[in-house]
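Reader: Hi! I'm new to looking at protein models. Could you walk me through this one?

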Amino acid sequence: MTTTPEQTIAADRTVRLLDTTLRDGEQAPGVSLSPDEKVEIARGLERAGVAVIEAGSACTGAGERQAISRVTDLDLDARVTSFCRGMKGDVDLALECDVDGVHIVVPASDRHVEGKVGTSREDNLAKTAELVEYATDHDLWVEVIGEDGSRADLDYLEELMGAALEAGADRTCFADTVGHTGPERTAEAVSRLAELGPVSAHTHDDLGLGVANAVSAVSAGADLVHCTVNGLGERAGNVALEEVAIALEHVYGVETVELEELYDLAQRVSRATGVPLAPNKAVIGENAFTHESGIHTDGTLKDDKMYEPYAPETVGRERRLALGKHTGRAGVAATLEEHAVEADPDEVAEIATRVTELGDRGRRVTDADLLAIAEDVTGDDRERVVELLDLNATSGGAVPTASIRLEVEGEERVASGTGSGPVDAAVSAVREALGSMADAELESYHVDAVTGGTDAVVTVEVTMVRNDRSVTVARSEADITRASVEAMVDALDRLLGRDAQPLAPADD
Ligand SMILES: [Zn+2]
């Protein structure tokens, strides 16, 4: 907790999160989740302790209703809900999915009341009350969202939400539907609605103010915050669940969810949606706990907290030292130690110089690069354990096939494999040839085209893990299968070649 005594959000406030990754998040361009994916994400949200899971929009279609039903069948502790437009038919469809509750979305701004729905303020008020009664009569938990609330006349918004509560709604929601407003107007609107009853906040990030507005809403009295994993959602997205959670806990001491689950959740959602995690984002970005600069690495090695607001383990992650043009001696020494490579101070200085030179050419320096440099500098030549002699892969027939020839500890081994594509086939051939030695796991696999033409050279970067030790290798080739296999064989060679016990930390 980092605030002063006059902070606006007391640490003993109860604030819960509503996740709408499966509804508003899925409305992001190009995103579509299968029922299985929705179930997997819902389980992750449950592990994290999210209070409400908006599982979808029952009116979308039969497939969507099946997906929502699969989530309600899980019998989670979290309340499972469906989005409903302001019509009885939508509430009926939500009931078919056996949800615990509904979000009834009614127009709040004149732009929506008159321009979109074509009704009047008075009729909208009456219809909202009628719908709320209909839903509560069916034993549903009801939240009424005033769509485009941030651009509404606040007097009317207050009247509309008051009518909803009077008709029996459990809570209302202030919605900055188009991400248009700032913290001050959010606070004004939310504090007026909080006078009437429990209120939620639904903020979007079009101005980059999603978190600021959510925090402002909480300080004005909101006790449920709508958000999505990785900030997925229409346009610039909803406010990110992981950002709201860490901000409320780190700054105000308000606990909302199990923070250690956040990274796992982020990766699941990224895999299911195909939307990669932006490297520079808070909590979930590849770079969020990675230090490359010499000054930062050196400082971090002396004191973990020197260049980090909170420990990476807080959100289920680990600190990484990256090698590149900004790397200094301390970073090189620490990485060598991780790989159990011994080098004296002069050798470390020489290795650091060469790492910087390689980084200067615009390259990320992988573990394999570092180890090759270290062997060159220390003169510690080692025998390869695994070497690729020959590779043949075809995707012409019905089943992609690959055959491979490896030298393993001086002995030649031949194997073949099949797979969903030539890379997959070649990788299974490598595993076949190595037998029980292939017990390393592929942690990540990235492909980058270096040039944009059909003659592009591709760079494949793999990270493999065995017995808690990981090695990253990058290979550039014209052929993606060859680049993939070479990178993987090199990583296996490094992992198998050295007893993986890291040395005890050196005294220095
Ligand atoms: Zn929204």
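Author: Happy to; we'll go from the overall picture to a few particular spots. Keep in mind that this is a predicted model.

Reader: I can see a metal. What coordinates the zinc ion?

Author: Asp-24 (OD), His-202 (NE2) and His-204 (NE2) coordinate the zinc ion, at 2.0 to 2.2 Å. Written as a sequence pattern, the spacing of these donor residues is D-x177-H-x1-H. Asp-24 and His-202 link distant parts of the chain, being 178 residues apart. Asp-24 sits in the loop between strand S1 (16–19) and helix H1 (35–48), while His-202 belongs to strand S7 (residues 199–203).

Reader: Are Asp-24 and His-202 buried or exposed?

Author: Both Asp-24 and His-202 are buried.

Reader: Switching topic: what lines the second largest pocket?

Author: Its lining has 26 residues, and Phe-83, Val-105, Val-106, Lys-116 and Glu-147 lie nearest the centre. The pocket holds about 500 Å³ of space.

Reader: Which helix or strand gives the largest share of that lining?

Author: That's H5, with five residues. Strand S3 (79–85), strand S4 (101–107), helix H5 (121–137) and strand S5 (141–147) each supply at least two.

Reader: I clicked on Thr-186. Where is that?

Author: Thr-186 is in helix H7, which covers residues 183–194. Its side chain reaches the backbone oxygen of Gly-182 at 2.9 Å. Beyond its neighbours within four places in sequence, Thr-186 is in contact with Phe-174, Thr-181, Asn-213, Ser-216 and Ala-217.

Reader: Why does Thr-186 count as buried?

Author: Thr-186 counts as buried because its relative accessibility is 0%.

Reader: And Ala-272, what does that one touch?

Author: Leaving out residues up to four places away in sequence, Ala-272 touches Ser-32, Leu-33, Glu-37 and Ile-41. Ala-272 lies in helix H10 (residues 262–273).

Reader: Why does Ala-272 count as buried at 13%?

Author: The cut-off for buried is under 20% relative accessible area, so Ala-272 at 13% counts as buried.

Reader: Last topic! Which residues have a positive phi although they are not glycine?

Author: Asp-139 is one of them, with a phi of about 60°, and Val-283 is another, at about 70°. For background, most residues other than glycine have a negative phi.

Reader: Where are Asp-139 and Val-283 found?

Author: Asp-139 is in the loop between H5 and S5, and Val-283 is in the loop between H10 and strand S9 (290–291).

Reader: Are they buried or exposed?

Author: Asp-139 is exposed, with a relative accessible area of 71%, whereas Val-283 is buried, with a relative accessible area of 1%.

Reader: Thanks, that helps a lot!

Terms used:
Residues numbered from 1 in each chain as written. Predicted model: local features only at pLDDT ≥ 70, side-chain atom pairs only at ≥ 80, totals over all residues. Heavy atoms only, no water. Helix = DSSP H or I, 4+ residues; strand = E, 2+ residues; numbered from the N terminus. Buried < 20%, exposed > 50% of the residue type's maximum accessible area, 1.4 Å probe, protein only. Polar contact = N/O pair within 3.5 Å; in protein donor to acceptor, adjacent residues only side chain to side chain. Contact = heavy atoms within 4.5 Å. Donors = N, O, S within 2.8 Å, 3.2 Å for Na, K, Ca; no water. 1 Å grid on protein atoms, 1.4 Å probe; cavity = no way out; pocket = protein on both sides within 12 Å on 5 of 7 lines; lining within 4 Å. Points joined across faces, edges and corners; volume = space filled by probe spheres on them.
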